[in-house]
Amino acid sequence: MNCVEFRTKAATWVDGELDAAETLALDAHAAGCARCRSLVEAERRFRQLLRRQPREAAPPELRARVV
């Protein structure tokens, strides 16, 4: 696993969507690569920020038109 391969799979890894073999490969790479580890930490912080954002519902008029 190199940094380019890592970056292409980092978001999927953070989401927990990789199989066990790929997860282990990314774990191993991140353990030895500060730059990629930093990328993953930033991705996790970004996802936490998104989860804290308020969720807004569509206005009833829009919902009625969609349905």
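A: Rings of Phe, Tyr and Trp (its six-membered ring) pair if their centres lie within 6.5 Å, and planes under 30 degrees apart count as stacked, over 60 as edge-to-face and the rest as tilted. This is a predicted model, in which local features need pLDDT of at least 70, side-chain atom pairs count only at pLDDT 80 or more, and totals for chains, interfaces and linings use all residues. Residues are numbered from 1 along each chain as its sequence is written, and side-chain values use heavy atoms, with hydrogens and water left out.

Q: How many aromatic pairs does the structure hold?
A: The structure holds 1 aromatic pair. Phenylalanine 6 and tryptophan 13 form it edge-to-face, with 5.5 Å centre to centre and 75 degrees between the planes.

Q: And are phenylalanine 6 and tryptophan 13 buried or exposed?
A: Both phenylalanine 6 and tryptophan 13 are buried (under 20% relative accessible area, where exposed is over 50% and partly exposed in between, with a 1.4 Å probe and protein chains only).

Q: Switching to H1, which residues are buried there?
A: In H1, a helix of residues 3-14 (a DSSP run of H or I, at least four residues, numbered from the N terminus), the buried residues are Phe6, Ala10, Trp13 and Val14. They lie on the same side of H1, because they cover an arc of only 85 degrees around the axis (taken from the directions from the helix axis to the C-beta atoms).

Q: What about the face turned away from that buried side?
A: That face of H1 carries the exposed residues Val4 and Thr8.

Q: And what comes just after H1?
A: Glycine 16, which takes a positive phi of about 75 degrees.

Conventions:
Helix = DSSP H or I, 4+ residues; strand = E, 2+ residues; numbered from the N terminus. Expected span 1.5 Å × (residues − 1).
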